[in-house]
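Please look over the sequence and the structure shown here before reading on. The briefing that follows is arranged by topic.

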Amino acid sequence: MVNVPRLVVAAPSSGSGKTTVATGLMAAFAARGLAVSGHKVGPDYIDPGFHTLATGRPGRNLDAYMCGPELIAPLFAHGARGCGLAVVEGVMGLYDGASGLGELASTAHVAKLLRAPVVLVVDASSQSRSVAALVHGFASWDAEVRIGGVILNKVGSDRHEALLREALEESGVPVLGALRRAEGVSVPSRHLGLVPVAERRGDAVAAVAAMGGQVAAGCDLEGLLALARSAPALPGGGVWDAGVAVAGSVPHPAPSRNRGSAPQAPEGLGGAAGLGGAPRELVGAAGVRPVVAVAGGAAFTFSYAENTELLAAAGADVVSFDPLRDEALPLGTRGVVIGGGFPEVYAPELSANEALRKAVAELALSGAPVAAECAGLLYLARSLDGLPMCGVLDADARMTKRLTLGYRDAVALSDNVLAPAGARMRGHEFHRTVIEPGAGDEPAWGMHRPERRVEGFVRGNVHASYLHTHWAASPGTAARFVERCRG
């Protein structure tokens, strides 16, 4: 049995202050010398970056839609291993789940799966006695959800706080904190939400410190820790382990290197030079761990920690590279993974790094595996907002005003480096760009939710799509990719 003290930070709606309170709690308790683990309900990549700053540990996502309810407790236990406290930041309103699927993937659902007490963050800026009715409604809606306390946010004055506390005495839910509006704790936003930590690290460090100070000054930390320690042992399922997950996955035969239409050399490129420096004869050699290069830096900040852990457990040497700064792929690169992020913000800089664009294109042309999600898809395109990109795909991308957001059910339409034909995967889309055409001659996925369509590109050993996936739900994905890197 695993018993980690834990709290779920939830709210009646988005914009109530969950990120400020959750990150502030992590920072405040870490400053006391407690080992703290940060988690985020749902697929969001940005908030876990702030959790990482606050705790010094990788921020983790807990998504019951993509990974399935059965993996939530094991993934939580993996992330919180060795910690004296875990703080789980919720998503949207407490009871808001996957559209049309009831409570699935809601904060309430995850809280029940973790048997964790909930701290409700309430934006009290425009109410007084009504706050008691609001809290009572949320606390009584689902008897299996235990709301153990309230933190009042955006309190206007001492008088306002007194009125709120007086009203909540009748609710039976204790007030565990009251926070005033404060300068220095806000984080700037743009078209996809908060600006990621990697883009403004100095400011982000200061913001996290300010959050920690505000929470420490305005909240009952001892009461919150006592509430966290009241959580019972986690339900069965053990602790998720990348090595065990990969060993237990069903490996599928890797597609032939010659299967499908291989990417054509972009204009001005030829041959298969510049493959990262590893001698060709090392591919497939006994005992050699292939180098898998994973894009990072300010333009590619969206990734799940478990994906990289699975690649390593499957036998890869995982090395990061920054497409904004590095002019060559890591030495010995045999495969490339390019996740999500904001290439549209850095399109001029990405385009200007012609040396790396050519190296990526040549690696793809050579038949090496390349997996790209969302931002990676745009980077592999011929152009982004009119600026040259890698040219691996015969497609052009551009920024739009329309937000594409939501969970997706998908099926692989052909054998590829990530999945065999017919394999089903759940994921999510999150972007304000379009790519034209939206699918290649050999699409990556057939989408079945929310509408039926084809999407993405499979060209030789290149797999590029808007779909974000969490590989813990399908550890065979990492094993398949690494096996293909071995040749």
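Helices (H or I, at least four residues) and strands (E, at least two) are DSSP runs, numbered from the N terminus. This is a predicted model, in which local features need pLDDT of at least 70 and side-chain atom pairs count only at pLDDT 80 or more, whereas totals for chains, interfaces and linings use all residues. Residues are numbered from 1 along each chain as its sequence is written, and side-chain values use heavy atoms, with hydrogens and water left out.

**Helix α3**

- Eight of the eight residues of helix α3 (residues 72–79) are buried, so the helix is largely enclosed by the rest of the structure; buried means under 20% relative accessible area, exposed over 50%, and partly exposed in between (1.4 Å probe, protein chains only).
- These buried residues are I72, A73, P74, L75, F76, A77, H78 and G79.

**The seven-stranded sheet**

- An open sheet of seven strands runs in the order β3-β2-β4-β1-β5-β6-β7 with parallel pairing, two strands being paired if DSSP finds at least two bridges between them.
- Its edge strands are β3 and β7 (175–180), each of which pairs on one side only, and the twist averages 25° from one strand to the next.
- Within this sheet, β1 and β4 run parallel and are joined by four bridges, with L7 having V87 in β4 as its bridge partner.
- Helix α1 (residues 18–31) packs on the sheet, touching β1, β2, β4, β5 (118–123), β6 (147–155) and β7, and its direction makes about 165° with that of β4; axes are lines fitted to C-alpha atoms, for helices over the stretch in contact, and angles run from 0 to 180 degrees between N-to-C directions.

**Strand β21 and its partners**

- Strand β13 (residues 370–373) runs parallel to β21 and is joined to it by four bridges, with A371 standing opposite H463.
- Strand β20 (residues 457–459) runs antiparallel to β21 through three bridges, and here V458 has H463 as its bridge partner.
- β20 and β21 form a hairpin with two residues between them, and G460 in the turn has a positive phi of about 60°.

**Charged side chains**

- The count comes to 24 salt bridges, a salt bridge being a side-chain nitrogen of Lys or Arg within 4 Å of a carboxyl oxygen of Asp or Glu.
- E103 and K112 meet in a salt bridge (2.8 Å, N to O); E103 counts as partly exposed at 35% relative accessibility, while K112 counts as buried at 19%.
- R289 and D317 also meet in a salt bridge (3.0 Å, N to O), a pair that links distant parts of the chain, with R289 in the loop between α9 (242–248) and β10 (291–295) and D317 in strand β11 (residues 317–321), 28 residues apart.
- D158, E161, R165 and R180 are linked in a network of salt bridges.
- R480, in helix α14 (residues 476–485), is buried yet has no salt bridge, the nearest side chain of opposite charge, D415, being 4.3 Å away; Lys and Arg count as positive and Asp and Glu as negative, while His and the chain ends are not counted.
- The side chain of R480 reaches the backbone oxygen of N416 at 2.7 Å.

Conventions
Polar contact = N/O pair within 3.5 Å; in protein donor to acceptor, adjacent residues only side chain to side chain. Contact = heavy atoms within 4.5 Å.
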